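Hi everyone, thanks for coming.

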Amino acid sequence: MRGPHDVRRTAKKKAATKAILFDKDGTLLDFDATWTPAYEEAARLASRGVTTDAERFLELTGLDLATRRSEAGSLLAAGNSEEIAEAWIAGGADFGLADLTTELDRIFVSKMHDAAPLPGIREAVDALLARGFRLGVASSDSEAAIRAFLEGTNLAPKFDFVTGYDTGHGPKPEPGMVHGFSDAIGVPTSGIAVIGDNTHDIEMAHAAGAGLTIGVLTGTSARQELAPHADVVLESAADLIGFFP
């Protein structure tokens, strides 16, 4: 349970926030509805059509084969294409790392064109912009996939900054994505809030000295996984409208 000191500290951090860096998967869009079909297609390719191998690759990197959901903290929940490809090759996929990474990125970008934002996200983004916040997206997906999603949903003009695992700022949970956002918009990291559904997002924020960390429950992590690390946990990023009045 958070005490009065924690509440006051969070309120102070909230008041200092000038910019918000969003995770994409599980924060802006429905993670499992979007990614389970993408991972299944990618595993079929990596296994060269051998169903038992495809299922083994998926399970190896964190897919619960019964529920078809990615487990919190797994490579499928928080890793990037190269990390997933590396794990599948170690598990027996007959590909070179560069070739399989390229194929995974191709599949993942293709799935982003038709991905829909979670309920209330458009309204929250518009409200935050109206209140003067600068907005960015930082994802373990490729930059091309992030931009495909934003362009397909007409959200692209609303974000000042986009970075993926391949943009050059390093992967999560390293601090480079937050630093890149800070440099791009001229706001110190202490004035940036980072919001995401995974502990990798929160760890990245802490490593970079971000002012505020916000967990959301629309992705792969439960409240008990996020609460010990984040300043606050919201049901959804759509609740930012009420959080930043």
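This is a predicted model: local features need pLDDT of at least 70, side-chain atom pairs count only at pLDDT 80 or more; totals for chains, interfaces and linings use all residues.

If you draw a box along the principal axes, the C-alpha atoms fill roughly 55 × 40 × 30 Å.

Now, how much of the protein is buried? Buried residues make up 53% of the 245. The accessible surface comes to about 10300 Å², and carbon and sulfur atoms hold 52% of that. Let's look at contacts too: among those with a separation of 6 or more, 62% join residues 24 or more positions apart.

Let's turn to charge. The protein carries 22 positive and 36 negative side chains, and the centres of these two sets lie 9 Å apart. As a reminder, side chains of opposite charge can pair when their charged atoms come close. How many salt bridges does the count come to?

First up is K24 with D141, a salt bridge whose closest N and O atoms are 3.1 Å apart. This pair links distant parts of the chain: K24 is in the loop between strand 1 (19-22) and helix 2 (31-46), while D141 is in the loop between strand 4 (134-138) and helix 8 (143-152), 117 residues apart. Are these two side chains buried or exposed? Remember that buried means under 20% relative accessible area. K24 has 0% relative accessibility, so K24 counts as buried. D141 has 4%, so D141 counts as buried as well.

Next, find E55 and R68, whose side chains meet in a salt bridge at 3.0 Å, N to O. E55 belongs to helix 3 (residues 51-60), and R68 sits in the loop between strand 2 (63-64) and strand 3 (69-70), 13 residues apart. What about their cover? E55 has a relative accessible area of 26%, which means that E55 is partly exposed. R68, at 22%, counts as partly exposed too.

The last pair is D201 and K172, with closest N and O atoms 2.6 Å apart in their salt bridge. D201 lies in helix 10 (residues 199-208) and K172 in the loop between strand 5 (161-163) and helix 9 (176-185), so the pair ties together parts that are 29 residues apart in sequence. Both D201 and K172 are buried. There is one more partner to point out: D23 joins K172 and D201 in a network of salt bridges.

Let's finish with helix 9. Seven of the 10 residues in helix 9 are buried, so to speak mostly covered. Those buried residues are G176, M177, V178, G180, F181, S182 and I185. What do they pack against? Their partners are strand 1, strand 4, strand 5, strand 6 (192-196) and helix 10.

Technical notes. Residues are numbered from 1 along each chain as its sequence is written. Side-chain values use heavy atoms; hydrogens and water are left out. Buried means under 20% relative accessible area, exposed over 50%, partly exposed in between (1.4 Å probe, protein chains only). Contact means heavy atoms within 4.5 Å. Accessible areas come from the Shrake-Rupley method with a 1.4 Å probe; for residues, only the protein chains shown count as cover. Lys and Arg count as positive and Asp and Glu as negative; His and the chain ends are not counted. The place of a charge is taken as NZ of Lys, CZ of Arg, CG of Asp or CD of Glu. A salt bridge is a side-chain nitrogen of Lys or Arg within 4 Å of a carboxyl oxygen of Asp or Glu. Helices (H or I, at least four residues) and strands (E, at least two) are DSSP runs, numbered from the N terminus.
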